[in-house]
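Reader: Could you walk me through this one?

Author: Gladly; let us take it question by question.

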Amino acid sequence: MKIKIGVIGASGRMGQEIQTVISRNEQLENFCAVDRNEEPGAKASEVDVWIDFSSPEALSKNLQWAITNQKAFVCGTTGFSQEHYRLLEKAAEKIPVLWASNMSMGVAVLNEALKAFSAIADFDFQIEEIHHNKKKDRPSGTAITLKQNLEKVLNKSVPETLAIRGGGVFGVHKIFAMSDEEVLTFEHTALNRTVFAKGAVKAATWLVEQKPGLYQIRDVLFGKRN
Ligand SMILES: NC(=O)c1ccc[n+]([C@@H]2O[C@H](COP(=O)([O-])OP(=O)(O)OC[C@H]3O[C@@H](n4cnc5c(N)ncnc54)[C@H](OP(=O)(O)O)[C@@H]3O)[C@@H](O)[C@H]2O)c1
């Protein structure tokens with residue numbers, strides 16, 4: 001039986017890429033595509049897992065389709081407020097929910113690698129990100145997650161992220177660790193949008209097997225932390 005996937009924000013840049021990835025996988029079915037001002041109707045009860053890359057304003061309504069039908073929900077939308085994170089947490093009491101500001105496996109590993117910085121917590125740190133000129137939020141959701149994780153590791157605050165917008169850059173994130181004698185840089189570059197779409201689809205096929213709870217992309221690679 002194919003896994004039936006519902007894509008929200010279907011005609012957006014990510015939505016289209018996700019549908020292409022699904023269509024190339026024989027185990028998956030592009031079952032339902034939802035855009036602004038559209039409803040899945042009766043199809044919502046047959047979707048196995050939703051993938052939402054739309055907008056923060058749409059989150060509450062989108063989650064409802066999944067909760068009503070007890071289905072898994074993968075979300076890659078960024079630009080969320082505390083209220084949006086609370087909605088995800090509340091939904092996760094009833095269904096499996098995975099939100100990630102960056103669905104690439106490389107950034108999942110980068111977030112883990114930040115732990116090594118604890119050994120040089122006395123260095124100066126700076127995060128920089130570059131994205132295409134159509135990106136609506138700044139700093140990027142990925143940079144916000146990296147900063148939160150880095151601050152936890154270092155047990156100190158890190159300066160505001162430098163956010164650069166221009167051209168068609170899919171996403172570059174750099175973390176600089178600087179002392180008087182050396183500079184260490186961790187860097188991730190997304191070479192295309194497919195990397196996020198593949199990660200989101202991988203997360204969706206993993207999430208349908210999970211029990212209700214709030215998951216991160218790292219859990220797909222390393223298993224859920226307790
Ligand atoms: N987590 C990751 O790995 C990752 C990677 C890339 C991007 N993102 C994030 O994913 C989101 C989408 O990015 P994108 O580049 O694909 O943007 P986009 O091209 O603007 O696509 C968003 C799509 O969602 C639609 N939409 C907006 N509000 C909606 C609503 N209320 N209900 C249903 N559909 C709605 C938009 O329709 P209209 O055109 O009518 O507005 C558009 O088709 C952004 O938040 C972006 O930062 C995350």
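Author: A word on terms to begin with: domain bounds come from an automatic or database domain assignment. This is a predicted model, where local features need pLDDT of at least 70, side-chain atom pairs count only at pLDDT 80 or more, and totals for chains, interfaces and linings use all residues. Residues are numbered from 1 along each chain as its sequence is written.

Reader: What distance separates the centres of domain 1 and domain 2?

Author: The assignment places 3–103 + 194–222 in domain 1 and 105–189 in domain 2. Taken over C-alpha atoms, their centres are separated by 26 Å.

Reader: Which helix gives the largest share of the side of domain 1 that touches domain 2?

Author: Contact here is between residues whose C-beta atoms, placed from the backbone, lie within 7 Å. Domain 1 brings 8 residues to it and domain 2 brings 12. Helices are DSSP runs of H or I with at least four residues, numbered from the N terminus. The largest share on the domain 1 side, 3 residues, belongs to helix H7 (residues 217–222).

Reader: Are H2 and H3 roughly parallel or roughly antiparallel?

Author: Helix H2 (residues 59–68) packs against helix H3 (residues 82–91) with axes 10 Å apart and an angle of about 5 degrees; axes are lines fitted to C-alpha atoms over the stretch in contact, and angles run from 0 to 180 degrees between N-to-C directions. Leu 59, Ser 60, Leu 63 and Ile 67 of H2 meet His 84, Leu 87 and Ala 91 of H3. Angles under 35 degrees count as roughly parallel and those over 145 as roughly antiparallel. H2 and H3 are therefore roughly parallel.

Terms used
Contact = placed C-beta atoms within 7 Å. Helix = DSSP H or I, 4+ residues; strand = E, 2+ residues; numbered from the N terminus. Parallel < 35°, antiparallel > 145°, perpendicular 65-115°, else oblique.
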